[in-house]
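Here is a short briefing on a predicted protein model. Look over the sequence and the coordinates before reading on.

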Amino acid sequence: MKRTGFDEHSDRQLANEFLAGHMQCRRCANTAERETLSSYGGMCGGCYTYYVTGGRPIPPLPSPQKRRQILQRLRFVLEQRNEQDPREWARRLQRREEAGEPLTLFQREAWRRALRVRAPALSPSEREEAFDAA
Ligand SMILES: [Zn+2]
């Protein structure tokens, strides 16, 4: 609508309607929508972004193609995990110990606990190690 002149009554009404939904940002004192200020702790959008990012520039979103690649990789990893034995890590540690590799007391206990295998009795030096670790 094109303005043809100054109408004090309607201009004041417009101003009042605008101000009813707006308040000052507590940081920069610019006028912002009440809803925005309410959501962002009394700050306008710009001040809130600055507050959250510490003034560092926000990196651009990856391209749609890049996002698709990331999702495909994530899906691949998750599907692989579902197919795998969830206690594979414990069996791997068990195989390493049985192959004669020296594992830490924590590793030895962890795979036994996961696979519900009773631990052999500790030697006196191992008992000391366990005592020191606790
Ligand atoms: Zn502000």
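A residue counts as buried if 20 or more other C-beta atoms lie within 10 Å of its own, with C-beta atoms placed from the backbone. Buried residues make up 6% of the 134 residues in the protein. The model is predicted: local features need pLDDT of at least 70, side-chain atom pairs count only at pLDDT 80 or more, and totals for chains, interfaces and linings use all residues. Numbering starts from 1 along each chain as its sequence is written.

**Overall form**
- The protein has 7 helices and 2 strands (DSSP runs, H or I of at least four residues and E of at least two, numbered from the N terminus).
- Its order along the sequence is α-β-β-α-α-α-α-α-α.
- The radius of gyration, taken over C-alpha atoms, is 32 Å, well over the 14 Å from the globule rule for 134 residues, so the protein is more spread out than a compact globule. That rule is 2.2 Å times the number of residues to the power 0.38.
- The C-alpha trace spans about 95 × 40 × 25 Å along its principal axes.

**Domains**
- Domain 1 covers 8-53 and domain 2 covers 88-133; the bounds come from an automatic or database domain assignment.
- Their centres, taken over C-alpha atoms, are 62 Å apart.

**Helix pair H5 and H6**
- The axes (lines fitted to C-alpha atoms over the stretch in contact, with angles from 0 to 180 degrees between N-to-C directions) of H5 (residues 88-98) and H6 (residues 105-115) come within 9 Å and cross at roughly 125 degrees.
- Contacting residues (C-beta atoms within 7 Å, placed from the backbone) include Leu93 of H5 and Trp111 of H6.

How values were computed: A residue is buried if 20 or more other C-beta atoms lie within 10 Å of its own, exposed if 12 or fewer, and partly exposed in between; C-beta atoms are placed from the backbone. Two residues are in contact if their C-beta atoms, placed from the backbone, lie within 7 Å.
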